[in-house]
Amino acid sequence: MKKRILSAVPVWLVFAGCLSGQQAAIREEKQVIKTYPFSGPNPSPTRPIRGGLGQRIYPYYAFDDLSAAGADQTWNVVRMENPYIEAFILPAEGGKLMGAVEKSTGNAFIYYNHVLKFRNISMRGPWTSGGIEPNFGIIGHAPSTASPVDYLVRKNPDGSVSCFVGSMDLPSRTQWRVQYTIPADKAYVEERSLWYNPQPLNQSYYVWMNVAEKVGQDLEVILPGNAYIGHNYGVPSQPWPTSRDGRDLSWYKNHANTEDGSFFVHGALSDFSGGYWHDSDFGYGHWALHEDVPGQKLFRWSLSRAGAIWENLLTDSDGQYFEHQTGRLLDQSDTGFFAPYSADHWQELYFPYKKIGPMVKATPYGALNVRRDGDRLVVSFCALQKIDEKLVVRAGGKEIFSDRIVLKPMEVYEKKVPASVKKGDLRVEVGDKLSYTDDPNDGVLARPLTFRNYDTASVEGLYQSAERDDRERNYESALTKYLSCLEREPMHVRALTRVAEIYCRRAEYKKGLEYARKALDYVMYDPDANYIYGILSRRMGSLVDAKETLGWAARSMQYRSSAYSELGGIYVMEGNLERAQVYLKRSLEYDANNVRTYEVLATVYRLLKQPRKAQETLAKILEIDPLDHLARFEQYLLEPGPGTLNTFKSMIRTELPHETYLEIAVYYSNLRLEGDALRVLAVAPEQATIRYWQAYLLREKSPAESRQALEKAAALSPYLVFPFREESIPVFQWAAAARPGDWKATYYLGLIYWGLRRGEDAMKMLEALGDRPDYAPAYISRAFLERDANSGKAQQDYERAYAIDRKDWRTWYHLASFYTTKGTHDKALSLAVEAARQFPNEDAIKVLVARAYLNNGRYPDCNSVLATATILPFEGQSDIHTLFVQCLVSQAMADMKKGRYDQAVEGLERSREYPERLGTGAPPDPDFRIQDYLLMFCYQESGAPAKAAEARARIDAYASRRSLGSVDAQKKQVDDWYRTTFRAQAELNALQELSRLVGGAGRRRGE
């Protein structure tokens, strides 16, 4: 399906019209794209999310409803092109580059999915395949991947065109940006990334660019390295590209009979990677300095139906894809620390090449292939930009051939050189632009690359394990492990400082200071201890101690820029702007990209009434980050008026714009510039947290206005209001005290505590709500937190939520699910059946009622529901297929007990099916041992020994294929179970017991 352009944007946004000569063009246009939309934001943040993501991505909320039906929808698309390539960017879908095409062939060198089929794959649910997807923060498809981000289009002085996209990652409050550029005269898309941490604490560091490419039996991927590892560090690295069983894994066709796979290839120093479709004589490539982007990953869906179903789930007609991902670390199970106030930036190139075969080397100038053809060398080069260079071929260091190559972008050179060169002696040079050798040891690393799970038996192993949790935002687990370190080694200074930082992150400043004090007491000059002591002291208002300890921290290169930046901020708080300048300038001497320091310095210049210096500083900020909203607000404060205000407001285009205003207001508040904070809030959108902050900042300056703002805040709906900043704690504490009857302020305070992992404090706040809220999610949120400790109260809260709002299917679902966990299956069934009548199209309700029928022994009814259900799955989901199997096997067991073996056999055979409408396709080698054991008994009981022997043989064959060894002992245990206890057990209990005896049976996926 081709996208239809409805209308172009006004002429002033179209920077180049026709492409004559060496030109690049960029424009925004309206395109009609068939879209399978998503909806249903979940208003209960404490609801458990798979993978334990809830608190790690709070305040983002999940979306529960995805559509199986598509319809045309108009989208704003940024089109970029030059005479050689074109690319399309969708700012409203996470800033994704949708796809890129090489013009002479019409082939996509970045997979171009022409529909938007949102499916449950990302952290928040909705995700689409195709293009380049930026992921910053923690492992997974980022929270912003399906939502609008900020963007800016620009034509550059050198004739190139750029589209900047970016947003704030709310949990870390870091800012990420991606600049996509198409040069006027080069055949590649340049991607420049900027990510900076404007916060005084370490944040999680995880960056991967997810690039989609089309699969094919003719596809050969090029990932330099000699080993790969998956996500599980318990499994050691495996050889690449030739596997231990002799398969060349660089060919897609050699991945048959396996499940979904991730291959993180490593072991070589290389700047390029890519792939080649041999039948099309066309390839794609990626280039970046190895030091910048060492990570490379191949992910492909299983070639069985287990993975193949995702082709139809994610596209209509563009075919299956795989992911060629690139990252800042070597594996996605690794996360680093993002240092305070630091900024990272790097460059990546994505390019097409053609008619040369799979490249053996690439640079920004072109892609090279060299292959042997009998006693000849075939040297091929596809140019990515104009090139006029001498090509030299050497054997053992001696020149054996040379030629001049003069090419334009995407032109191809090929020469057959009569030569027989010993493997390892060949070198090909294209001027100083590219050098290749066929030495198999070239670039191979001797250093160890050991991916490990740390042994916590040692103190160091325990500390490293804690730090890994810390980097991944698993702060509760990290804190427990750090404290265990300190039990075993009380003066473990690194653990002391990490504990102090976690308590600072939780806004438990006094506790944090105790641990920082212990560290300083033991090692007086330790930079980590001094830095965190200074941060905690500033938070507690002890500015003298803060300045002194930050001064010591600044002696370390690790903290020099960030500590000076903090000192500059403290002097702004004290009104000593001249002294503030000194430290802010020092900060920039050691980190010229410290955006937060520039922002504070611009504010200082404005306060000192030095507008020229302020404007120069703001220009520098916007040079580093053209999407910096605080810089544009400072421009408005320098030159107040409708024009500058509109410029500021019009650039805020993210999914949650109020958070941008709040972040700027908090910045000013932290500098004790409450007047500036109020000016931000005055122009912010109407939203509850905005108004509470406004009321708080006005409480002394204008009590009447404060009361008015507080009343307005309390009157606003709490729907999807999720405060999360630690700076908001005193705001809501004050509001709760000022309006004791307002339950919302207390509720919001509880949510902040929950997001900060202060579970007890969160529970106290939510308990204090009593039965005042008239808002169902408040009760559901409380129920999730109390259900383990007090199931009775949790039940009351689920029931209150259900009584308040029966129009939301979630209140039915949560209550019925709770009844199920408590074993009151009759209540769960009654509720689920009625919910199915009220919400017949909700997937979660379909599964709920089917499971309720199963738990009540009503197997035909369970089967009836599943027989007509169509479920959109999440990635890796198999529980609905398991439910399908449980239903049919349980019915078969019931038939067996009554001697109805023919019916039992029929049900058991059906249970071997994989109805793909339930969201799971058949893996390459399903485990049917449970069915085969039961079939064996059925055939034995019904006098069909030959068929019983066939079932037994299938069990043996599966064990042999999986190297499970002899199953004689297992067969005896299963036979004893069947003869002694089977008939007395309820069917689900019997199935559970049989699964235990078989050991791993019921695992539906392949290897």
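**Why is it called that?**

Visitor: Why is Asn257 called exposed?

Guide: Its relative accessible area is 59%, and exposed means over 50%, so Asn257 counts as exposed. Bear in mind that this is a predicted model. Asn257 sits in the loop between β21 and β22.

Visitor: What makes the phi of Asn257 stand out?

Guide: Phi is positive there, about 65°, although Asn257 is not a glycine. Most residues other than glycine have a negative phi. Ser963 is another case, with a positive phi near 55°. Ser963 lies in the loop between α31 (945-961) and α32 (968-980).

Visitor: And is Ser963 buried or exposed?

Guide: Exposed: the relative accessibility of Ser963 is 66%, and the cut-off is over 50%.

Visitor: How do you know whether Asn369 is buried or exposed?

Guide: Buried means under 20% relative accessible area. Asn369 has 5%, so it is buried. You'll find Asn369 in strand β30 (residues 366-373).

Visitor: What does the side chain of Asn369 reach?

Guide: The backbone oxygen of Ile356, at 2.6 Å. A polar contact needs N or O atoms within 3.5 Å, and 2.6 Å falls inside that. Setting aside residues up to four places away in sequence, Asn369 touches residues including Gly357, Met359 and Val379.

Visitor: What about Ser537: buried or exposed?

Guide: Ser537 has a relative accessible area of 1%, against a limit of under 20% for buried, so Ser537 is buried. Ser537 belongs to helix α7 (residues 527-539). A polar atom of the Ser537 side chain lies 2.8 Å from the backbone oxygen of Tyr533. Leaving out residues up to four places away in sequence, Ser537 touches Leu513, Ser542, Asp545 and Ala546.

Visitor: How are α8 and α9 oriented relative to each other, and why?

Guide: The axes of α8 (residues 543-553) and α9 (residues 560-573) cross at roughly 155° and come within 9 Å. Angles over 145 degrees count as roughly antiparallel, so α8 and α9 are roughly antiparallel to each other. Their crossing is left-handed. In α8, Leu543, Lys547 and Leu550 are among the residues that meet α9, whose own contact residues include Ala563, Leu567 and Ile570. The residues of this contact are nine nonpolar, one polar and three charged.

Visitor: Last one: how do you know whether Ala816 is buried or exposed?

Guide: Ala816, in helix α24 (residues 809-821), has a relative accessible area of 0%. Buried means under 20%, so Ala816 is buried. Not counting residues up to four places away in sequence, Ala816 touches Ala828, Leu831 and Leu848.

Note on methods: Residues numbered from 1 in each chain as written. Predicted model: local features only at pLDDT ≥ 70, side-chain atom pairs only at ≥ 80, totals over all residues. Heavy atoms only, no water. Axes fitted to C-alpha atoms, helices over the stretch in contact; angles between N-to-C directions. Helix = DSSP H or I, 4+ residues; strand = E, 2+ residues; numbered from the N terminus. Parallel < 35°, antiparallel > 145°, perpendicular 65-115°, else oblique. Left-handed = near helix turned anticlockwise from the far one by under 90°. Contact = heavy atoms within 4.5 Å. Nonpolar A, V, L, I, M, F, W, Y, C, P; charged D, E, K, R; others polar. Buried < 20%, exposed > 50% of the residue type's maximum accessible area, 1.4 Å probe, protein only. Polar contact = N/O pair within 3.5 Å; in protein donor to acceptor, adjacent residues only side chain to side chain.
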